[in-house]
Every structure is written in C-alpha cells, then in structure tokens.
Amino acid sequence: MDQPAITRIELFPLYVPFKEEIMAIMSGGEGGLGMAIGAEEPWTGGDFVLCRLTAEDGSTGTGEVFVWLPETGVSPADLVSIIHHGLGKYLMGECPFNIEKINHRMEINVARSEVARGLLDMACYCLMGSITGRPVYDLIGGKTVDSMEMAALIPLADPDTMLSLGKHFYDQGYRTFRLKLGAGVERDVAAARAFREMIGERGRLRVDYNQAYRPDEAVRAINAIAPFGIDFAEQPVAAAAADQHVIARAAEQLVVAGAAEQDVVVIAAVAGELDRAGREARHREREDHAPQRRDSVRAEIGGRLEVGVRGPLE
C-alpha cells in the first residue's frame, strides 16, 4: 500500500527568554556570555523554529531546532524563508519514507542549509512514526536507553564560581554536568579535575568548548581532560577554522588504538557529510551504557548533540 504524501508545511518561530538568575550567571561569566565564543551581542533568550508536516491522511510530524547567529549563522526568519522559498518544494507531494531522496534533493539544490534541512529531516521521521503508529526510535536503529538524565549546565567563569554552581546542582540531585570550557588547557584541566572529584566515579561529565580552539589545540585540550572521564567534547573548533578533512585528521589523533570500550564523542562544528572516522564512530554499537571512567575518545564529525534535549539552564 502506498504511503501518504506530505501536503502541508507549517513553521512557528518561538522565543524563550532566559530567567533573570540565568542571565546573571551568564553575564558574570567569560565574555559576558559564560562561554568561550567571542560574540558581542547580548544573549537574552533562546530562539527556536518548530516545524509541523501534515500528510494527506491527516497524520502530522513535528521537528524543532535551536538557532543562534554566532553558532548557526541563521535567524528564525532566515530559516522560515529558506524553507518556504527553497527547501519546502522537495517535501511537498513526497512520501516522508523517501527520506534519503528528500535529503539528497535538498542538499544538491540548496547549499549551506544544514540547520533547515535538519529541522525538516526531524519532522519527516516524526511523520513516519505518526503514519505507522510506531515510535521514531524504531525507525532510526531501535531503542537503546529507557531514560536520560538532565545535565546541569555550568557556564565558563572563574574556577571557584564554576565549582560553587556545580555543588549547588549536585546538592539538588544532579549527577550529570556539562562544563563550558575553552579558556586555556590549564583551566580546562583544573575544572574537569575539580568536577570529577566532586561527583565521583559514577557521575557524568560533558564539555562544550564553543569553538574555542584550532584543530591542533583541540587535540591537546581534549587529550588533557580525557583521563577525567568525559562523555562528550562538543564544538572544540569553529567550522571556519579549517576544512573538514583537516579536522578529521586532527580527530584521528584522539583515537587510542585497540580501546574497544571507547565511548567519548567529539562533536565538531563542521558542515557537510560525516567523514570516515565520523561514520565509524556514529554507527559503532555501544556495548555498555553504564557510567564509567574512560581514558580514550572517538570522534564524530558534523554532528549536533543538543537538538531536542537540553539541560536546565538552557
């Protein structure tokens, strides 16, 4: 039986202002933003675009994406425009299950539209789930975990402030922490060590560099904190810092040969297709989801970790 085609695309920009206490924490951090990125404009809230696809049988699928000009390079208005005037035509009248065809046509016809394409891709999968009555995870490789802990986001600031905020969240029951780093390898190491000592072996640590380093610097920085058991190292380099192949070669220096239990993922801010190292990392099945110390990392090039799941401070 033929599957229903997409008949409607709706887009909804959404602005979520930060709470006053969050604004105070961020403004007191590095660069007035609590992160290493050198943006000059004040950041007062999160901008999102929600997408709803409707199929001819009435089924609907939704997607969402977070946008911020210093990182994504597009505003909500830009996203809406590129979908209405460019990408949308490759979904209208098409079956969402032809997702590879849809993505290929969007990619070859509209350059540098990764954020918008990701939003539509997400909505297509949700629509597939609605049509079949199955959860989306059944369509993308299967369910691997039953729940996910929320992470406490710790802005980049002086070490005492970061640790004090971390202890506040720890006392509230948080055991997963995402640290903003990138003020230098020594400070990165000091922060990672302090948090590992605070949360113990069973706690989870993720880090976000906000594009702070060059590829060679990122290798040194990530290797320096790897002994403290880091789950994810996000955006260690800027997309403009080097081409994808340079970053891929740098990422290979992070892989420790023979370490079958490698679980640390490096998320690089790079547009385009996943390179070989990224594909191998992305498709390698995890054998153990229990928290544990790790002394090696693997790399994923081109991914974005946080679409749809956010810590309490974001």
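Among contacts in the protein between residues at least 6 apart in sequence, what percentage join residues at least 24 apart? The figure is 74%. Keep that in mind as we go through the fold. One caution before the details: this is a predicted model.

Start with the overall count. The protein has 314 residues, and buried ones make up 48% of them. DSSP runs give 10 helices and nine strands.

Now the interior. In soluble globular proteins, nonpolar side chains tend to be buried together. Here, the largest nonpolar core has 30 residues. Phe177, Tyr209 and Ile225 have the most contacts inside that core. Look at who contributes at least two residues each. On the strand side, we have strand 4 (152-154), strand 5 (176-180), strand 6 (204-208) and strand 7 (230-234). On the helix side, we have helix 6 (159-171), helix 7 (185-199) and helix 8 (215-225). Helix 7 gives the most, with seven residues.

Take Ile225 as a way in. Set aside its neighbours within four places in sequence. Ile225 is then in contact with Leu181, Asp188, Val189, Ala192, Val207, Tyr209 and Ile230. There is also a second, separate core, with 29 residues. Ala55, Val74, Leu119 and Leu120 are among its members.

How many of the five residues of strand 5 are buried? Five of the five are, so the strand is largely enclosed by the rest of the structure. Both of its faces are covered. One side carries Thr176, Arg178 and Lys180, and the other carries Phe177 and Leu179. Note that Arg178 and Lys180 are on that list of buried residues.

Next, the partners of strand 5. Strand 4 pairs with strand 5 in the parallel sense, over three bridges. In that pairing, Leu153 stands opposite Arg178. Strand 6 also runs parallel to strand 5, and five bridges join the two.

What about the connections? From strand 5, the chain crosses through helix 7 to strand 6, and this β-α-β crossover is right-handed. Strand 4, helix 6 and strand 5 also make a right-handed β-α-β unit.

On to the aromatics. The structure holds seven aromatic pairs. Ring pairs link Phe18, Trp43, Phe48, Phe66 and Trp68 into a cluster. Elsewhere, a charge meets a ring. The charged end of Arg175 sits over the ring of Tyr170, 3.6 Å from the ring centre.

Last, some backbone points. Most residues other than glycine have a negative phi. Arg112 has a positive phi of about 50°, and it is not a glycine. Asn210 is not a glycine either, and its phi is positive at about 50°. Where do they lie? Arg112 is in the loop between helix 4 (99-109) and helix 5 (114-132). Asn210 is in the loop between strand 6 and helix 8.

Now, is Arg112 buried or exposed? Its relative accessible area is 74%, and exposed means over 50%, so Arg112 is exposed. Asn210 has 2% relative accessibility, and buried means under 20%, so Asn210 counts as buried.

To close, go back to strand 5. It pairs with strand 4, it is joined to strand 6 by five bridges, and both of its faces are covered.

Methods: Residues numbered from 1 in each chain as written. Predicted model: local features only at pLDDT ≥ 70, side-chain atom pairs only at ≥ 80, totals over all residues. Heavy atoms only, no water. Core = buried A, V, L, I, M, F, W, Y, C linked by side-chain atoms within 4.5 Å. Buried < 20%, exposed > 50% of the residue type's maximum accessible area, 1.4 Å probe, protein only. Helix = DSSP H or I, 4+ residues; strand = E, 2+ residues; numbered from the N terminus. Contact = heavy atoms within 4.5 Å. Pairing = 2+ DSSP bridges. Right-handed = clockwise from strand over helix to strand, strands pointing away. Phe/Tyr/Trp six-rings, centres within 6.5 Å; stacked < 30°, edge-to-face > 60°. Lys NZ or Arg CZ within 6 Å of the ring centre and 35° of its normal.
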